[in-house]
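Please study the sequence and the three-dimensional structure before reading the dialogue.

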Amino acid sequence: MTTIFDPVKFGDIELANRIVMAPLTRNRSPKATPNDLNVTYYEQRATAGLLITEGTPITQQAQGYADVPGLYSPEAVSGWKKVTDAVHRKGGKIVTQIWHVGRVSHVSLQPNGGAPVAPSAIPAGGKTYIINPDGSGAFVETSAPRALETAEIAGILEDYRKGARAAIDAGFDGVEIHAANGYLIEQFLKEGANQRTDQYGGSIENRARFALEVVDTVTKEIGAGRVGIRLSPTTPANGITETKPQEVYNYLVNELGSRGLSFIHVVEGATGGDRDFTQGDKPFDYHELKNIYRKAGGTGAWVVNNGYIKDSAEQAVESGYADAVAFGKLFIANPDLVERFKDNAALNEPDKATFYGGGAKGYTDYPALETVA
Ligand code: 8OZ
């Protein structure tokens, strides 16, 4: 029987175990550049089978929150190189989550204070986090976006290509395309944010076109065996809505099946919340989704996420449903989560107050087992 501690291949990436660190926004990289504290944080967690970094904007336009690390300056690539070197020295594997927020941004974060871009000029209606000119932080309404011209989309794909190349230059083992949680790719996929009348809007096939073009661009650049994708079929995150999530995502994974991806990472339910949440008229069937992907020839690892604990993760892997499980909050508080699971040891509790922004507190000061008296 396969267990969560067994090795596994995600395409070209060999993992020592099936316990994955989920991408986690931590807002601790001023000037969009990874620093030494970020190196320590990832290095501490290198015993995960795979680390997926926090969302990493591919351009300034792709940026939606203060102090998240990017991939679009030489300084950021050098900063990430220190992270990947440290993780590799510890025998770990690490991919970066390439990210474009689309409408989930604020003019103060955008090039020349311009409007964020989106499939359609429909505000997300949520909040983002910015740094005021006086240095203080603030949660503010996301700014009204402008709709991308059809002719601009090739330029965004080029940004993804460059982001993927920068990730490889920075020493990452691959990338995860962030197609979840109400950001740009999901804004195209889901009806509530997409009222386009060109080939990127209307039918499911048209709404999925942008996602598939991003996948094709990135896999062509760095090889499909190093490319995963994160999906959240039913999440309401960042004001996103879809009444037929099963149809949309069945179509999408059927298309992804022939593309040789390294892994498919599925957030089940509302991101960070209710696992049974759906916006469709029936419960979402994640097993059906996986079966469609496999029937379409998909060989990527099936990675599941959202509220898993050791028992439910073991059940998911041992039953053959999932190839690996991604943990978010548990990895924030437990740098040695793999060892703790192996030992059935007690877990540290994550401190919500220090999730976003700040310094070492609540970031690199969670104790590993051997440092607990
Ligand atoms: C929490 C806070 C800010 C951003 C996501 C990248 O939801 C995020 C995110 C999460 O995917």
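The following questions and answers concern a predicted model.

Student: Which elements do the buried residues of α2 pack against?
Tutor: The buried residues of this helix are A76, V77, G79, W80, V83, T84, A86 and V87. The elements that they pack against are α1 (36-44), β4 (50-57), β5 (94-99) and α3 (153-169).

Student: Which residue just after α2 takes a positive phi?
Tutor: The position in question follows the end of the helix directly. Its phi is about 85°, and the residue is G91.

Student: Is G70 buried or exposed?
Tutor: G70 lies in the loop between β4 and α2. Leaving aside neighbours within four places in sequence, G70 is in contact with A32, T56, P57, A76 and W80. Its relative accessibility is 0%, and buried means under 20%, so G70 is buried.

Student: How far apart in space are G70 and T59, C-alpha to C-alpha?
Tutor: T59 is also found in the loop between β4 and α2. G70 and T59 are eleven residues apart in sequence. Their separation in space, C-alpha to C-alpha, is 7.2 Å.

Student: At what distance does the side chain of T59 reach the backbone nitrogen of Q61?
Tutor: T59 is buried, with a relative accessible area of 14%. Not counting residues up to four places away in sequence, T59 touches Y72 and D159. The side chain of T59 reaches the backbone nitrogen of Q61 at 3.4 Å.

Student: Which residues does T33 touch, not counting residues up to four places away in sequence?
Tutor: T33 lies in the loop between β3 (19-21) and α1. Its relative accessible area is 18%, and because buried means under 20%, T33 is buried. The residues that T33 touches are N38, P69, S73, E75 and A76.

Student: How far is a polar side-chain atom of H178 from an oxygen atom of the ligand?
Tutor: H178 lies in strand β10 (residues 174-179). At 4% relative accessibility, H178 counts as buried. For N181, an N or O atom in the side chain is 2.8 Å from an oxygen atom of the ligand. For H178, the distance from a polar side-chain atom to an oxygen atom of the ligand is 2.8 Å.

Student: Which residues is H178 in contact with, leaving aside its neighbours within four places in sequence?
Tutor: Within the protein, a polar atom of the side chain of H178 lies 3.2 Å from the backbone nitrogen of A180. Beyond the neighbours in sequence, the contacts of H178 are with Q97, I98, W99, Y183, I185 and R230.

Student: Which residue in β8 stands opposite K127?
Tutor: Strand β7 (residues 127-131) and strand β8 (residues 137-141) run antiparallel and are joined by five bridges. The hairpin has five residues between the strands, and G135 takes a positive phi near 95° there. Opposite K127 stands E141.

Student: How far apart in space are K220 and R161, C-alpha to C-alpha?
Tutor: K220 is found in helix α5 (residues 204-222). With a relative accessible area of 78%, K220 is exposed, because exposed means over 50%. K220 and R161 are 59 residues apart in sequence, whereas their C-alpha separation is 8.6 Å.

Student: Is N344 buried or exposed?
Tutor: N344 is found in the segment after α10 (337-343). N344 has a positive phi of about 50° although it is not a glycine. Its relative accessible area is 59%, and since exposed means over 50%, N344 is exposed.

How values were computed. Residues are numbered from 1 along each chain as its sequence is written. This is a predicted model: local features need pLDDT of at least 70, side-chain atom pairs count only at pLDDT 80 or more; totals for chains, interfaces and linings use all residues. Side-chain values use heavy atoms; hydrogens and water are left out. Buried means under 20% relative accessible area, exposed over 50%, partly exposed in between (1.4 Å probe, protein chains only). Helices (H or I, at least four residues) and strands (E, at least two) are DSSP runs, numbered from the N terminus. Contact means heavy atoms within 4.5 Å. A polar contact is a pair of N or O atoms within 3.5 Å; within protein, one must be able to donate a hydrogen and the other to accept it, and residues adjacent in sequence count only if both atoms are side-chain atoms. Two strands pair if DSSP finds at least two bridges between them.
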